[in-house]
Amino acid sequence: MVSGQAAALAFDLGAGSGRAIVGRLDKQQERLTVEEIHRFSNDPVKAGNYLHWDILRLLHEIKQGILKSKHLEIELESMGIDSWAVDFGLLSRSGELLGNPYHYRDHQTDGIMEEVAGRVGKNEIFARTGLQFLPFNTIYQLYALKKRSSPLLEKAAALLMIPDLLRYFLTGEMITEYTNATTTQLWNPTTGSWDTELMERLDLSVNLLLPPVAAGSKAGSLSKDVSQELGIDSIPIIAVGEHDTASAVAAVPATEEKFAYLISGTWSLMGTELSSPVLNDQALAWNFTNEGGVYGTNRLLKNIMGLWLIQECKRTWDKEGKDLSFEKLVELAKEADPFQSFIDPDHPSFLNPDHMPDQIRQFCRDTGQYVPQTEGEIARIIFESLALKYRTILEQIEQLSAHSFKNLYMVGGGIQNQLLCQFTANAVRREVLAGPVEASALGNLVVQYISLGHIADLKQARRIIRTSFPARIYRPVDTEIWLKAYEAFQRIITL
């Protein structure tokens with residue numbers, strides 16, 4: 001280890017892949033560098049009628065990442081895990097995992113959100129939890145299990161979210177982290193506790209849930225068994241902002257106290273950071289969410305379908321034998337005519353269709369628009385529609401937060417799509433500052449460094465990220481043309 005450097009390991013798990021990233025912090029120069037040492041796929045598995053995560057495969061890959069750090073002779077001071085939200089594992093009284101966790105796109109929750117809202121009322125659920133209504137939220141997954149009398153619930157003694165579960169396998173300690181707990185629609189931000197009354201009204205066991213610890217808390221170390229298995233000394237594990245969005249927001253390199261961000265990946269998450277949740281009728285009507293952030297912050301944001309749309313198109317085209325990389329699809333989109341048709345990225349029909357390109361064509365057909373024929377036309381419709389949807393959401397955020405934003409910070413893997421970044425700047429009519437790409441991993445790392453005492457606070461962490469990973473600036477062009485397109489887009493999504 002170079003003198004004056006501190007090394008930490010971040011595992012950032014996404015819906016399609018995971019990676020192990022080593023961070024090296026030069027404390028004197030306030031510079032952070034990262035190195036990806038391990039990448040692996042994260043493929044859902046269909047077993048019978050249900051879609052699952054292969055959680056033990058993820059555990060195996062995390063161990064491989066730790067081993068690679070050993071083989072590279074990296075002296076780690078800590079490690080942390082972040083992942084997507086809402087999904088969980090159930091553990092027996094003896095601490096054994098009861099089945100593979102369900103995937104949030106599994107169809108077991110079809111119609112469940114509406115049923116729960118019928119029992120309790122959407123207004124009351126939002127007033128209690130402040131969370132966006134999404135059909136796969138943890139509350140609906142648990143209710144679905146309860147409704148079909150799943151034996152898993154009968155035997156379960158504890159519920160752990162995905163990063164908590166993986167950390168438990170490594171340490172032997174059951175600990176729930178706060179930012180991910182707030183994504184369940186079972187957490188009450190007003191009382192700062194699990195909403196046991198809501199759970200009791202839905203006949204859900206309140207005993208499954210553990211009191212969460214704050215992001216940045218020390219959450220055990222590699223157990224003796226795991227250390228012996230890997231042939232390494234024990235490593236402390238930090239409960240970082242374990243919801244990957246919480247970690248990504250921590251890495252937004254903002255200079256302002258109030259800022260707007262867009263995290264671009266499989267999902268697009270657009271929001272702002274506030275000191276308290278927004279629980280008014282307008283936030284409910286627009287279906288916004290209030291989630292816990294790191295170090296006492298709150299995240300007012302909206303989940304938008306994101307690059308799932310083009311990822312699913314590519315998956316379909318791959319199965320059809322078409323050799324189309326994402327880079328090629330961007331080039332084809334550039335060549336296609338602009339503004340031929342629009343889709344609402346958040347239309348329920350796009351959540352998990354069997355054939356995404358056909359579903360996009362059907363949406364255009366149903367709304368009386370031109371039906372795209374080529375891969376390039378479909379890709380362009382996706383990118384343009386996402387950019388225009390971002391404008392809608394950004395303007396709603398400004399109203400809910402009572403603050404105007406002069407620019408938009410855009411982070412995550414989606415910023416590698418420069419066409420989408422430029423479209424976004426054109427649509428929102430303000431500068432887009434794009435970077436860093438590995439936002440979730442960087443947020444994971446800086447929370448570890450704050451916990452270790454190497455970084456003072458979140459403000460310093462963002463300054464280090466800003467200087468270490470300069471943003472690329474996209475300035476709006478053709479704004480009048482995009483304004484007319486936005487007006488047409490608004491008419492389509494209200495049909």
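A: Helix α15 (residues 375-401) and helix α19 (residues 479-493) pack with their axes 10 Å apart and at an angle of about 85°; helices here are DSSP runs of H or I with at least four residues, strands runs of E with at least two, both numbered from the N terminus. Axes are lines fitted to C-alpha atoms, for helices over the stretch in contact, and angles run from 0 to 180 degrees between N-to-C directions. α15 and α19 are therefore roughly perpendicular to each other, a term that covers 65 to 115 degrees. The model is predicted: local features need pLDDT of at least 70 and side-chain atom pairs pLDDT 80 or more, whereas totals for chains, interfaces and linings use all residues. Residues are numbered from 1 along each chain as its sequence is written, and side-chain values use heavy atoms, without hydrogens and water.

On the α15 side, the contact (heavy atoms within 4.5 Å) involves E384, S385, A387, L388, K389, R391, T392 and E395. Helix α19 contributes W482, L483, A485, Y486, F489 and Q490. These residues comprise seven nonpolar, three polar and four charged; Ala, Val, Leu, Ile, Met, Phe, Trp, Tyr, Cys and Pro count as nonpolar, Asp, Glu, Lys and Arg as charged, and the others, Gly among them, as polar.

As for the sheet, seven strands form an open, mixed arrangement in the order β15-β16-β14-β13-β17-β18-β19. β15 (289-292) and β19 (472-474) are the edge strands, each with a single partner, so one side of each lacks a neighbour in the sheet. Neighbouring strands are turned by 30° against each other on average, direction ignored. Within this sheet, β13 (residues 260-264) pairs with β14 (residues 268-274) in the antiparallel sense over five bridges, where pairing requires at least two DSSP bridges. A260 stands opposite T272 in β14.

Terms used:
Parallel < 35°, antiparallel > 145°, perpendicular 65-115°, else oblique.
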